[in-house]
Structure formats: C-alpha cells, structure tokens
Amino acid sequence: VGITETPGIINSNDASVSYGGPIKRDRFWFFGSYRSLDTAAAVPGIVYNANAFDASRWDWVADPSVTLRTLQGRESYIGRITAQVSSNHRITYNHEYQRRCEGSTLRPESDSGCNSRGADWVAVGAGNANLSPEANALYFGNLPYHVNQAIWSAPVTNKLLLEAGFTRFMFRGGTTGRPAPDGITDLIQVTEQSTAINPATGLQYAPRANYVYRGVANYNPNYANPNSWRASASYVTGSHEMKVGYQGAYIRVKNWQFVSESQLNYRFNQGVPNQITFRLPEFHLSDRTGTAAVYVQDKWTRGRLTLQGALRYDRAWSFTPADHNGTPFTSRFNAEPISFPRTPGVDSFNDITPRFGAAYDVFGNGKTAVKFNLGHYLDSATNDSEYTSNSPAARIVRVASRNWTDTNNNKVVDCDIL
C-alpha cells in the first residue's frame with residue numbers, strides 16, 4: 001500500500017526540576033521550576049517531495065528516503081514569590097513562560113529553526129494525510145506564552161477576609177502555525193485530484209486524492225491577550241458566610257492572514273489545471289471583548305438545615321477597532337487598501353442571575369444529606385461567535401475560486417481573473 005513507516009511514537013522525553021524555600025523566615029518565600037518535553041511520532045504514508053524547491057516542476061514525485069514525522073516540544077519556566085508584608089497582608093506573584101517548538105526545517109542544511117531536519121526525515125507540528133511537507137504550515141518556532149498572576153489577601157479580622165487578584169495571559173504566533181523558516185511561499189501551491197499513474201514518471205500523480213504540495217498558499221498566526229481581575233470581601237462566622245465581589249476581563253485578539261507571493265493556488269487533475277483560487281493580500285482582523293460582574297452570596301446554617309443564595313449581575317460587550325482590520329496593501333485583486341471604522345459588536349448583554357441551594361442533614365451525624373440546587377449560568381464571553389460576528393473585516397470575501405482551462409499549458413493565468 002506504499003506505507004514505508006508504521007505509526008507510533010519514535011521517541012518521547014520529559015524532564016523537570018523544581019526548587020523552593022524561604023528567603024527570609026516567615027516573611028519571604030520563592031519557588032521555581034523548569035520542564036522540557038518533546039515527542040516524535042511517525043506519520044505513515046507521507047514522504048518527501050523530490051521536486052520540492054524546484055520552480056520548473058509542477059508534478060509531485062515521491063522521495064521514499066525521507067519520511068514524515070510530527071515533532072512537538074515545549075519548555076516551561078515558572079517562578080513564584082510570596083511576601084508576608086505584615087501580619088494581615090500577603091502578596092503572591094507568579095510568572096510562567098513557555099516556548100513552543102514544533103516541526104523542523106525542510107532542508108537538513110538549514111539551521112535557522114528550533115529543530116533542523118534529519119537526513120532521512122522531516123518534521124511538522126501536526127501531520128495531515130493530504131499535505132506534502134513543503135505545503136504544511138504547522139511549524140512553531142519557539143513561540144512564547146506568558147502568564148502573569150498577582151494575588152493579595154488580607155484577613156482583616158478573624159471573620160473578615162479581603163482578596164484581590166490580576167491575571168495576564170499573552171501568546172504570539174498562537175495556535176495556527178506558519179511555514180518552516182526555509183518554507184516555500186514563492187511557488188504556487190497545487191492540489192492534485194488524481195491518484196492515477198503519471199505516464200511521464202511511472203508514479204502516481206499523488207499518493208491520495210486532493211493531495212496538496214509545492215508550497216504554502218496561506219497561513220494565519222495570531223496574537224491573544226486576555227486579562228482578568230477580581231476583588232472580594234468574605235465575612236464568616238460559625239453559622240453564617242457572606243461574600244461580595246467584583247470580576248472583570250478584557251480580551252484583545254489580532255489575526256494575520258498571510259498569503260503566498262502569487263496570491264494564487266491551482267487545482268490539477270492528472271497534471272492538467274482545472275481551477276484557480278485567488279486571495280486578497282495580507283489581511284488583518286482584530287477584536288475586543290470586555291466583561292464586568294458584581295455578585296453577592298450568603299449561606300446560613302440553622303440546626304440541620306443549610307440555606308444558600310446568590311445574586312449576580314453580568315455585563316458583556318465587544319467591538320471591532322479601526323486599527324488592524326483590513327489590509328494596507330494593494331494588489332491586482334484590490335486596487336485600494338481596505339479599512340473599516342470602529343464597529344460595535346455586542347452592545348451589550350446585561351444579565352441578572354439568581355442561584356439558590358439547600359441541604360438538610362437527615363440524621364444529624366453529617367453522613368447523610370439531601371441537597372437541592374437551582375441556578376442560571378451564562379456562557380462565557382470570548383472573542384468568537386456573536387461577539388465577533390458583526391466585524392466588517394470578517395464578513396468580507398477574501399478568497400474566491402474560478403474554473404480554468406490552461407489552453408497553452410504554460411501554468412500562467414492569462415485571462416482577467418476578476
């Protein structure tokens with residue numbers, strides 16, 4: 001069946017170290033950890049394209065001497081300090097930094113990636129049975145992730161506790177990958193529909209139907225920066241617990257839609273072009289979503305019966321900013337740059353949600369209880385679904401396809417595409 005490598009893990013490594021302790025007794029503590037892990041697994045049925053990087057060739061030819069594997073790795077650094085500022089005030093700060101390295105270069109002599117290709121293998125971040133390695137845009141080259149968290153707590157009395165916290169998360173490059181450092185973006189990508197035998201080579205036109213090769217047509221790295229904060233006050237006695245609080249969040253997301261130099265990709269059937277797809281030049285999308293909530297909750301215990309209730313107000317809103325939406329570039333498919341004004345999205349959701357619960361200790365020994373809970377819970381507010389559906393940049397058509405007959409077989413679109 002043409003499979004030269006069986007599926008399964010080739011190797012896997014996971015190492016970690018941590019250390020912590022007091023800097024000043026009863027006043028200042030630290031903790032740090034490091035972890036490194038990577039896994040390589042075979043992708044059966046896919047081999048290198050012998051014609052990769054050859055601009056004069058439009059056909060795919062198998063090179064069984066170079067197999068495909070997934071190669072995924074991460075490094076994580078965590079540091080935390082805690083300070084007992086006074087008898088009633090404690091502050092904790094935590095920072096986590098991760099680097100994500102997945103895939104490899106396409107050529108063994110390239111050394112600009114976080115992983116270099118081997119002599120008999122090439123790696124991607126995630127395997128796709130219909131993508132040749134040079135058309136795969138799932139490379140992650142030490143992309144950074146940051147999580148910062150600060151927490152303050154103050155037991156003002158033996159019954160009153162005050163707390164506040166802030167969390168910042170940020171990643172660049174995101175979850176969608178990009179071409180390898182020596183990836184091919186200056187050649188037109190081809191999708192071959194047929195697996196028939198090519199009489200010119202005696203080999204299949206492609207190892208499977210609708211196989212994609214020759215280069216990367218588009219890739220979509222992104223940037224995300226969700227921040228959240230909170231504050232609360234808790235009052236606790238032996239039979240009574242009350243808590244009031246506030247929660248807020250603000251999410252920023254930016255997306256880049258990069259395309260190949262030609263802005264084109266072709267579809268072939270047995271080596272004959274029959275369709276073109278064209279794209280607008282580098283396109284940007286950006287969204288913002290915010291939330292704010294206040295709540296109060298109370299719990300009373302009287303004998304065997306415990307009653308609890310809560311009330312919460314939530315507000316959520318979103319908008320599309322004027323900056324980083326559209327494209328500042330022109331091309332044969334857009335004579336002018338494309339821009340949009342600031343556009344409201346959700347403006348706004350306002351919800352009041354109650355919650356109620358009761359528990360009864362049947363025998364009074366704490367072993368058997370009957371419980372009842374009733375509440376209304378909201379979906380989270382994020383930069384997707386209805387919060388971004390009104391974005392004008394997201395609604396514009398950026399990709400279109402046309403049937404095409406290449407009469408002179410020169411692989412050049414001689415007609416007016418538009």
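These notebook entries record what I looked up in a predicted model of one protein structure.

**Entry 1. The five-stranded sheet**

I began with the sheet that contains strand E16. Five strands form this open sheet, in the order E11-E8-E15-E16-E23, and their pairing is mixed. I then asked which strands stand at the edges. They are E11 (211–213) and E23; each has a single partner strand, so one side of each is left without a neighbour in the sheet. On average, neighbouring strands of this sheet are turned by 25° against each other, with direction ignored.

For background, I noted that strands of a sheet pair through backbone hydrogen bonds, in either a parallel or an antiparallel manner. I looked up each sense of pairing in turn. Strand E8 (residues 189–192) pairs with E15 in the parallel sense, over four bridges. Within this part of the sheet, Gln189 stands opposite Asn265 of E15. By contrast, strand E15 (residues 264–269) and E16 run antiparallel and are joined by six bridges. E16 and strand E23 (residues 399–403) also run antiparallel, with five bridges between them.

Next I followed E16 itself. Is this strand enclosed or open to the outside? Six of the eight residues of E16 (residues 272–279) are buried, so the strand is largely enclosed by the rest of the structure.

I also recorded individual bridge partners. Asn269 has Val272 in E16 as its bridge partner, and Ile276 is partnered by Arg402 in E23. E15 and E16 form a hairpin with two residues between the strands, and there Gln270 takes a positive phi near 55°.

I turned to the interior. In soluble globular proteins, nonpolar side chains tend to be buried together. In this model the largest nonpolar core has 36 residues, and those with the most contacts inside it are Leu264, Tyr266, Phe283, Val413 and Ile417. Several elements give two or more residues to this core, including E3, E11, E15 and E16. Which element gives the largest share? It is E2, with four residues.

Apart from this core lies another one, of five residues, among them Tyr145, Phe171, Ile251 and Val253.

Leaving out residues up to four places away in sequence, Tyr266 touches several residues, including Trp58, Gln189, Ile276, Trp404 and Val413.

**Entry 2. Aromatic rings**

I counted 15 aromatic pairs in the structure. In one of them, the rings of Tyr145 and Phe171 have centres 5.5 Å apart and planes at 35°, so the pair is tilted. This pair links distant parts of the chain, for Tyr145 lies in strand E6 (residues 140–155) and Phe171 in strand E7 (residues 160–173), 26 residues apart. Both Tyr145 and Phe171 are buried.

Ring pairs also link Trp58, Tyr266, Phe268 and Trp404 into a cluster. Elsewhere, Arg342 lies over the face of Phe319, at 3.7 Å from the ring centre.

**Entry 3. Ala62**

I looked up Ala62, which lies in strand E3 (residues 62–86). Its relative accessibility is 30%, so Ala62 counts as partly exposed. Setting aside neighbours within four places in sequence, I found Ala62 in contact with Val47, Tyr48 and Ala50. The C-alpha atoms of Ala62 and Tyr205 are separated by 9.5 Å, although these residues are 143 residues apart along the chain.

**Entry 4. Backbone angles**

Lastly, I looked at particular backbone angles. Asp26 lies in the loop between strand E1 (8–24) and E2. Its phi is near 60°, a positive value in a residue other than glycine. Is Asp26 buried or exposed? At 54% relative accessibility, Asp26 counts as exposed.

Phe53, in the loop between E2 and E3, also has a positive phi, near 75°. With a relative accessibility of 26%, Phe53 counts as partly exposed.

I ended with a peptide bond. The bond from Asp347 to Ser348 is cis, with omega near -10°. Ser348 lies in strand E21 (residues 343–361).

How values were computed:
Residues are numbered from 1 along each chain as its sequence is written. This is a predicted model: local features need pLDDT of at least 70, side-chain atom pairs count only at pLDDT 80 or more; totals for chains, interfaces and linings use all residues. Side-chain values use heavy atoms; hydrogens and water are left out. Buried means under 20% relative accessible area, exposed over 50%, partly exposed in between (1.4 Å probe, protein chains only). Contact means heavy atoms within 4.5 Å. Two strands pair if DSSP finds at least two bridges between them. Axes are lines fitted to C-alpha atoms, for helices over the stretch in contact, and angles run from 0 to 180 degrees between N-to-C directions. Rings of Phe, Tyr and Trp (its six-membered ring) pair if their centres lie within 6.5 Å; planes under 30 degrees apart count as stacked, over 60 as edge-to-face and the rest as tilted. A charge sits over a ring if NZ of Lys or CZ of Arg is within 6 Å of the ring centre and within 35 degrees of the ring normal. A nonpolar core is a set of buried Ala, Val, Leu, Ile, Met, Phe, Trp, Tyr and Cys residues joined through side-chain atoms within 4.5 Å.
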